[in-house]
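Here is a short briefing on one protein model. Read it alongside the sequence and the structure.

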Amino acid sequence: MHKHRRKPSNKSDETISNSTCSSAVIQLFRNFALELEEKQDRYERLVKIGRDITVESKRLIFFLHSHRRGTEDGENVLREGKTRLINIVKFQFSKILKELEDRDIHQYLRAFSFGVQEFIEAFSFYHFLVTETLLTFEEVKDFLECNSQIQTQTNVPSDGDSKDFDKIEPPLSSSPPKTLNTNWIVPHNHCIITMLDYVLGLNDLTGELMRYSINQVANGEIPAAFDICRFMTNLYSGMLSVSLNSREYSRKMFTVIQSVKKVEMACYTVRVRGSEMPKKLIFSVLEDENVCEDDTHF
């Protein structure tokens with residue numbers, strides 16, 4: 001009786017094949033883990049940079065409130081304010097550009113969006129004090145691009161030699177000079193500041209204009225307060241025409257109308273009751289006015 005020979009088993013070969021496949025899959029997931037960890041670390045670094053931008057912007061806004069129109073000290077405040085704006089771009093926004101080099105910025109916008117909005121608030125406040133006009137989105141992009149180029153040059157000009165932000169001309173060509181590091185330049189078609197952040201920053205501007213207007217009344221600068229009131233009214237009218245599907249925008253619009261009403265009430269009080277009392281008492285009257293109650297909702 002013949003014994004049946006067993007066929008050679010391929011179990012060892014299958015084990016080797018499975019282990020090879022398993023190690024390849026494990027290595028693949030390890031690479032995924034490294035990418036996620038790197039992305040998370042970069043996100044946290046951008047959050048920290050956004051906080052630094054917020055702190056510096058708030059300090060700048062507080063400093064700009066000491067501006068007095070038509071005085072030498074007021075001009076010094078504006079010069080110092082311009083220097084601080086440029087430094088924020090050089091030392092903070094340039095870090096963001098370096099972190100986002102060759103990466104999709106839309107994955108990280110929420111990390112530093114709050115800092116950008118605070119920067120827009122400070123920049124637009126400074127722009128109003130200089131020109132008494134509204135800061136445009138194109139002017140923001142030009143300012144970022146020009147000052148990012150300044151930092152990447154070998155010979156950085158001193159602040160005394162630098163031009164005012166409203167006099168800086170954008171490059172004639174969209175392609176930067178060869179001496180510059182193109183990865184650090186903010187192109188017009190790929191700016192890290194979105195239109196939503198720009199609009200939200202302008203929403204916050206109305207609060208600073210309201211405080212500045214009240215301070216002008218306290219200092220006896222009545223015409224300046226009326227100019228700010230007209231500007232805020234026009235700004236609010238323009239914002240009503242903006243349609244954004246954003247909860248934050250709706251919330252800030254409610255704050256905007258409160259600021260506009262405060263300034264209008266202050267101007268009304270000055271116009272109607274200003275002749276009845278000394279200018280020094282007008283500010284105390286404004287503090288007693290209750291203009292915070294409003295049932296308007298958006």
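H6 passes H7 in a left-handed crossing, meaning that the near helix is turned anticlockwise from the far one by less than a right angle (clockwise would be right-handed). The model is predicted: local features need pLDDT of at least 70, side-chain atom pairs count only at pLDDT 80 or more, and totals for chains, interfaces and linings use all residues. Residues are numbered from 1 along each chain as its sequence is written, and side-chain values use heavy atoms, with hydrogens and water left out.

**Overall fold**
- The protein has 8 helices and 0 strands. Helices (H or I, at least four residues) and strands (E, at least two) are DSSP runs, numbered from the N terminus.
- Along the sequence the pattern reads α-α-α-α-α-α-α-α.
- Of the 298 residues, 42% are buried. Buried means under 20% relative accessible area, exposed over 50%, and partly exposed in between (1.4 Å probe, protein chains only).
- Take the contacts between residues at least 6 apart in sequence: 80% of them join residues at least 24 apart. Contact means heavy atoms within 4.5 Å.

**The H6–H7 pair**
- H6 covers residues 222–240 and H7 covers residues 247–273. They pack at an angle of about 150 degrees, with axes 10 Å apart.
- That angle makes H6 roughly antiparallel to H7. The cut-offs are under 35 degrees for roughly parallel, over 145 for roughly antiparallel, 65 to 115 for roughly perpendicular, and oblique for the rest.
- Axes are lines fitted to C-alpha atoms, for helices over the stretch in contact; angles run from 0 to 180 degrees between N-to-C directions.
- On the H6 side, the contacting residues include Ile222, Phe226, Met232 and Tyr236. Among their counterparts in H7 are Tyr249, Met253, Val260 and Arg271.
- By class, this contact has 16 nonpolar, 2 polar and 2 charged residues. Ala, Val, Leu, Ile, Met, Phe, Trp, Tyr, Cys and Pro count as nonpolar; Asp, Glu, Lys and Arg as charged; the others, Gly among them, as polar.

**The annotated site**
- An unreviewed UniProt entry lists Glu121 and Glu208 under "binding site". Such annotations may be inferred rather than shown by experiment.
- The two span 88 residues in sequence, yet no two of their C-alpha atoms are more than 8.4 Å apart, so they gather at one spot.
- Glu121 lies in helix H3 (residues 109–131). At 4% relative accessibility, Glu121 is buried.
- Glu208 sits in helix H5 (residues 195–218). Glu208 is buried too, at 11%.
- Beyond four places in sequence, Glu121 touches Ile61, Gly201, Asp204, Leu205 and Glu208. With the neighbours within four places left aside, Glu208 contacts Ile61, His65, Glu121 and Phe125.
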